[in-house]
Amino acid sequence: MRLVRFEAFGFKSFADRTVLDFRGGITGFVGPNGCGKSNVVDAIRWALGEQSAKSLRGEEMQDVVFRGSRDRKPSGYAEVTLLFDNQDATLPIPHSEVALTRRLYRTGESEYLLNRQPCRLRDIKGLFLDTGIGVSAYSVIEQGRVGALVQGTAQDRRAILDEAAGISRFRAHVHQSMLKLERVEQNLLRVTDIRDEVDGRLKSIRRQASRARRYRELELEVRSARASLGHSRLRRLEAEADALRARRAELEDRCACAQAAQARTVADLAGIETRRALAEEARRTASEDLARAQEQARSCALRQEDATRRLADLGREREAVVLGRADVEGRIRAQEERLAALESEAARLDDDRRQAEEQVAGADARAAALQSGIRDAQQALERARTALMDAVRNESDAANERRGIEAELRAREEEAARLAEALSR
């Protein structure tokens, strides 16, 4: 297995996509200081999974992303791809070529790709164990690493020798197994603690289970009792609903009767109003007749007083004539004739006065009768109004009672529906 191709984009000084092919023999990079020779080694170490930014000569991992220059914008991510020839099946995967890619975005997100498929860093490290290729393997020795190995500790040299001898994989497996054993021991300790705690709580849980069984039995009994109670309440509510329906029908009949009585009372009231208007018209006519009769009576009284005065004057004249009878006999006869005429006229005026008085008495009687009729009509009107108010009040009471019964009936029907639903459940 050997490295046949190197490709970098946006890594440190590799602003453009850079591709290096290694076809055989020994490849060397020659150039002045600062041209980017060490960046190739850093890119290879970074692609193999280097996690230390200081080992890559930086302060943080985002320093490997191209920062830009005066003429170029900074790159959004860094990517390095290593292509290995695997025709000898050194790597345990069924591919003749293996492409390892690492990508880091400026936001800090990182990803690894193996043959363009996402994978984990752990998978890559496990794949390259015992191959001599890795971050700490002997295949990548950067500047100053040889002196560090010569002057390093025995453990550092042993790690390189284990890698060269092909036992680093087994050491890694042993390390992983030891870590698993430690986790198993910790889990056993936790299980032992949990078992001790569960043993202490087992009696309490058994008592709670017994109580739970007893609770279920009692709950079944309560459900049965509630069902029977619901049956009885449902029957009782149905009976009350029937009674309320009958009561509502009775109230509706009473309301209809009250409405009919109200209509009759309104018709009677209209008739009474009509009769009252006729009686009022008759009263006005009688009052006018009475006024005319009283005027005639006053006129007759004035005429009678005039005739009485004239009769008194004639009497005085008659006495004077008697004294001078001899001289004025002719005048006496004339005056006697006038006296007879006046007496006849006085008699006629007396008859007219008596007729006028009779007419006044008749008008008074008719007026009294009309007044009595008006009073009777007014009393009948008051009684009709009282009856109408009673009918309206009875109708309002009946309507209020009907609404109350309907509300109670609806409440009973809703309760019956809930009980029926509960019973069905």
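Trainee: Which residues form one aromatic cluster here?

Mentor: Phe 9, Tyr 77 and Tyr 105 do. Keep in mind that this is a predicted model.

Trainee: Okay, and what is the overall layout of the protein?

Mentor: There are six helices and six strands. Starting at the N terminus, the order is β-β-α-β-β-β-β-α-α-α-α-α. Of the 425 residues, 27% are buried.

Trainee: Back to the rings. Why is the pair of Phe 9 and Tyr 77 called tilted?

Mentor: Two numbers decide that. The ring centres lie 5.7 Å apart, and a pair needs centres within 6.5 Å, so they count as a pair. Their planes are at 55°. Stacked needs under 30 degrees and edge-to-face needs over 60, so this pair is tilted.

Trainee: What makes this pair a tie between separate parts of the sequence?

Mentor: Phe 9 belongs to strand S1 (residues 2–9) and Tyr 77 to strand S3 (residues 77–85), so the pair ties together parts that are 68 residues apart in sequence. The strands are joined too: seven bridges link S1 to S3, and they run antiparallel. Glu 7, for example, stands opposite Thr 81 in S3.

Trainee: How many bridges does S1 have with S2?

Mentor: Four, and that pairing is antiparallel as well. Strand S2 covers residues 18–21, and its Asp 21 stands opposite Arg 5.

Trainee: How do you know that Phe 9 is partly exposed?

Mentor: Its relative accessible area is 21%. Buried means under 20% and exposed means over 50%, so Phe 9 falls in between. Tyr 77, at 24%, is partly exposed too.

Trainee: What makes Arg 17 a charge over the ring of Phe 9?

Mentor: The charged end of Arg 17 sits 4.8 Å from the ring centre, and the distance cut-off is within 6 Å.

Trainee: Why is the pair of Phe 6 and Phe 14 called edge-to-face?

Mentor: First, the structure holds four aromatic pairs. Phe 6 and Phe 14 make one with 65° between the planes and 6.2 Å centre to centre. Phe 6 is buried at 0% relative accessible area, and Phe 14 is buried at 10%.

Trainee: On to the helices. What makes H1 mostly covered?

Mentor: Eight of its eleven residues are buried. Among them are Val 40, Asp 42, Ile 44 and Trp 46. The helix spans residues 37–47, and just after it Gly 49 takes a positive phi of about 115°.

Trainee: Why is the contact of Asp 42 and Lys 12 called a salt bridge?

Mentor: The N to O distance between their side chains is 3.0 Å, and the cut-off is within 4 Å, so it counts. Asp 42 lies in helix H1 and Lys 12 in the loop between S1 and S2, so this pair ties together parts that are 30 residues apart in sequence. Both residues are buried.

Trainee: Which residues are linked in a network with them?

Mentor: Lys 12, Asp 42 and Arg 57 are linked in a network of salt bridges. Arg 57 is found in the loop between H1 and S3.

Trainee: How do you know that Arg 57 is exposed?

Mentor: Its relative accessible area is 53%, and exposed means over 50%, so Arg 57 qualifies. Arg 57 also has a positive phi of about 60° although it is not a glycine.

Trainee: Which residues make the nonpolar surface patch?

Mentor: Val 174, Met 178 and Leu 181 make a patch of about 280 Å². Val 174 is found in helix H5 (residues 168–323).

Methods: Residues are numbered from 1 along each chain as its sequence is written. This is a predicted model: local features need pLDDT of at least 70, side-chain atom pairs count only at pLDDT 80 or more; totals for chains, interfaces and linings use all residues. Side-chain values use heavy atoms; hydrogens and water are left out. Rings of Phe, Tyr and Trp (its six-membered ring) pair if their centres lie within 6.5 Å; planes under 30 degrees apart count as stacked, over 60 as edge-to-face and the rest as tilted. Buried means under 20% relative accessible area, exposed over 50%, partly exposed in between (1.4 Å probe, protein chains only). Helices (H or I, at least four residues) and strands (E, at least two) are DSSP runs, numbered from the N terminus. A charge sits over a ring if NZ of Lys or CZ of Arg is within 6 Å of the ring centre and within 35 degrees of the ring normal. Two strands pair if DSSP finds at least two bridges between them. Patches are made of residues with over 30% relative accessible area and no salt bridge: like charges are joined within 9 Å, nonpolar side chains (Val, Leu, Ile, Met, Phe, Trp, Tyr) within 5 Å. Accessible areas come from the Shrake-Rupley method with a 1.4 Å probe; for residues, only the protein chains shown count as cover.
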